[in-house]
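User: I would like to go through the terms used for this model and see what each one rests on.

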Amino acid sequence: MKAFARIIWVLGCLLGAGMASASPITAELSTDRVEISTGFTGASVLVFGATQNPLGGDPPEDLIVVATGPTQGVVVRRKINVLGIWLNGPSTRFPEVPGFYALAGTRRVWEILPEEERRQYRLGFDNLRLRSEGTRNPAFRAALLELKQADGRWQEYAAPVSRAGERLFSARIAFPDTVQTGDYQIEVLLVREGRVIARQELSLRVERVGTAADIASLARGQPLLYGVLCIVLAALAGWLGSVLFRRN
Amino acid sequence: MQVYLPIAEMSVDALLLLGIGFGVGWLSGLFGVGGGFLLTPLLMLIGIPSAVAVASGANQTLGASVSGLIAQWRRGNVDWRMGLTLFAGGLLGSALGVQIFALLKRWGQVDVAVSLFYVVILGIVGALMVRESVTALLRRRRGTAPKRKLHEHTWLHGLPFKLRFRDSRLYISVIPPLVIGFGIGMLSAIMGVGGGFMLVPAMIYILGMPTAIVIGTSLFQVVFVSANVTLLQAWQVGSVDIVLTMLLLVGGVAGAQFGAAMGTKLRGEETRALLGLLVLSVAIGLAWNLLQTPSRAFTISPIS
């Protein structure tokens with residue numbers, strides 16, 4: 001409810017500001033933190049704002065929203081059959097890929113922007129820079145795209161940028177429960193006549209909170225102590241449980 | 001009710017985990033085994049990463065076996081000297097096993113290797129159990145009692161470093177228990193099991209220990225080896241998920257009490273035949289997964 005009130009308030013300000021100021025685009029996020037607590041099942045963040053000129057006027061203006069997460073290294077392996085058993089065979093390493101990537105737009109980017117602009121702003125899976133080491137085979141890149149999309153961490157036009165009235169717009173970014181912690185960049189681009197004429201960068205932090213955060217940081221920071229704690233807790237739980245559930 | 005697992009970094013239905021814990025606990029109470037060999041494959045089946053499934057499985061086995069060990073120890077059914085000898089081997093074995101596990105994880109072969117270990121070990125143990133119990137059932141029907149010598153002398157008794165195990169009424173070399181402890185410790189680290197289902201037959205048939213003392217002594221080994229595996233997995237692989245362990249334990253401890261109450265109504269041979277069939281079916285199910293053409297030709301994993 002608080003988030004909703006905040007949206008209404010910010011929207012009001014934006015609408016006023018959008019019409020008065022010279023900035024062609026103003027955008028805001030429904031929240032600047034995504035908190036992973038013990039009950040976390042994924043989260044959804046709203047990007048919303050207003051443009052100075054009416055969208056779809058003449059010449060038409062379009063909006064693109066792109067969210068990128070912290071980079072990570074991944075290995076893609078192909079399964080091979082050895083004596084009837086499926087093993088992990090040849091592999092390709094991609095040392096720097098975005099852990100999260102979501103693209104949304106009022107139209108598809110290839111309809112409104114030429115190739116060099118799309119490449120400069122890394123818009124669309126085709127324009128992600130995915131440096132690879134190991135087996136040089138385009139099938140591995142294709143597999144990376146497919147698998148990342150399958151678990152919801154890379155999305156292309158999964159949700160639209162929708163308009164309300166002439167100047168207001170919003171887009172929803174969905175984070176799956178497997179989302180990484182770290183800083184996320186969200187870019188809002190305004191496009192007219194095949195060029196990006198304005199951009200605004202927003203940032204979002206995904207972090208663990210509460211018990212989940214304490215457990216994860218203890219396990220990383222003091223693994224030996226964490227191991228001892230796991231032993232003690234499991235032994236205690238086993239002993240206590242047998243006392244409680246004893247059936248005689 | 002979804003719950004977020006901080007080490008597995010995913011959310012799972014808590015009721016599903018409680019249910020799995022209860023079911024496995026019920027079977028383990030019924031058959032008097034730890035149930036790790038069922039638990040770890042089930043966890044992998046619902047999508048828990050295999051490294052986390054193995055490490056948390058070992059942690060759960062520890063909790064599930066503690067109360068059994070206390071009960072057996074009160075009745076004086078633990079041969080401490082034999083237990084410590086087995087554990088000395090188990091300590092080395094599990095340390096080596098965790099190293100092998102870490103290496104497999106780096107090569108990206110953990111899933112396949114863990115499945116392969118399961119298929120081979122469970123296949124052999126399950127087949128032996130079924131064969132042994134079916135022979136026993138047939139013999140009882142024909143009414144002929146098996147002729148077994150009280151104490152057989154084999155080449156094992158010729159080995160050096162003999163030690164007297166008073167509670168087990170044995171005077172044997174320390175080498176066989178050390179080797180058995182080592183082997184089972186290693187498998188326990190790689191498969192996330194306590195190893196009771198392998199240890200009990202090994203103690204009866206290879207070492208020739210009296211049955212009364214076998215369960216308590218094997219629980220001693222299982223508790224301490226799985227504690228060691230938990231510690232090493234948490235320390236060197238970082239894959240013990242305490243939230244997962246606790247949910248499984250709550251279901252498991254409750255289930256074990258119901259299973260144990262029902263187990264007293266079944267006859268020994270029948271119980272062993274059923275357990276053997278259960279072990280065999282897990283092995284066949286995992287073998288099927290290995291042989292089947294995978295639905296996706298590629299896998300993806302983070303660089304650690």
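**Contacts, strands and domains**

Analyst: Between the two chains, 46 residues of chain B are in contact with 50 residues of chain A, where contact means that the C-beta atoms, placed from the backbone, lie within 7 Å. The model is predicted: local features need pLDDT of at least 70, side-chain atom pairs count only at pLDDT 80 or more, and totals for chains, interfaces and linings use all residues. Residues are numbered from 1 along each chain as its sequence is written, and chains are lettered from A and ligands numbered from 1 in the order in which they are written.

User: Which element gives the most to the side of chain B that touches chain A?

Analyst: α9(B), with ten residues. Helices (H or I, at least four residues) and strands (E, at least two) are DSSP runs, numbered from the N terminus.

User: How does the side of chain B that touches chain A divide into nonpolar, polar and charged residues?

Analyst: There are 31 nonpolar, 14 polar and one charged. Ala, Val, Leu, Ile, Met, Phe, Trp, Tyr, Cys and Pro count as nonpolar, Asp, Glu, Lys and Arg as charged, and the others, Gly among them, as polar.

User: Why are strand β5 of chain A and β5(B) said to pair?

Analyst: Two strands pair if DSSP finds at least two bridges between them. Strand β5 (residues 71–82) of chain A and β5(B) have five bridges, in the antiparallel sense, so they pair. In β5(B), B:I300 is the bridge partner of A:V76.

User: What are the domains of chain A?

Analyst: Domain 1 (2–208) and domain 2 (209–248), with bounds from an automatic or database domain assignment. Their C-alpha centres lie 38 Å apart. Each of the two domains gives six residues to the contact.
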